[in-house]
Amino acid sequence: QVQLVESGGGSAQAGGSLRLSCAASGTAFSINYVAWYRQAPDTERELVARITAGGTTNYADSVKGRFTISGDNSKNTVYLEMSYLKPEDTGVYYCNANADSSGLTRGYWGQGTQVTVFS
């Protein structure tokens, strides 16, 4: 089992910045990739950014050039640096990890953290 805990959400003015963290913990696990998703009210959850164990990253077109995903293997933590925030970035941000644990590969979700951007 892998547990994911997000932190760093909050409120910011448009044009501002926030940094989200996703800390993974558990027993004998290996992360394949970690992704950040977000969900605004009455919308479907959408992929924001993803980073593989090898460091390959990809981003939604809507956040390219503004958001940066990175990882610290020593801390089992993935970060999402969000800059030049827009009101449409508002939503609950979820951390998702694809990991190997106890011989199984599966996805895990964090509890989510709220991000609110006001103009």
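Modeller: Welcome! This is a predicted model, where local features need pLDDT of at least 70, side-chain atom pairs count only at pLDDT 80 or more, and totals for chains, interfaces and linings use all residues. Residues are numbered from 1 along each chain as its sequence is written, and side-chain values use heavy atoms, with hydrogens and water left out.

Colleague: What share of the 119 residues counts as buried?

Modeller: Buried means under 20% relative accessible area, using a 1.4 Å probe and protein chains only. By that cut-off, the share of the protein chain is 37%.

Colleague: Which residues touch the most other members of the largest nonpolar core?

Modeller: Such a core is a set of buried Ala, Val, Leu, Ile, Met, Phe, Trp, Tyr and Cys residues joined through side-chain atoms within 4.5 Å. Elements giving two or more residues to this core include β1 (2–7), β4 (29–39) and β9 (91–101). Of its 28 residues, those touching the most others are L4, W36, V48, F67, L80, M82 and Y93.

Colleague: Which residues is M82 in contact with, leaving aside its neighbours within four places in sequence?

Modeller: Contact means heavy atoms within 4.5 Å. With those neighbours set aside, the partners of M82 are G16, S17, L18, L20, R66, F67, Y93 and V115.

Note on methods. Buried means under 20% relative accessible area, exposed over 50%, partly exposed in between (1.4 Å probe, protein chains only). Helices (H or I, at least four residues) and strands (E, at least two) are DSSP runs, numbered from the N terminus.
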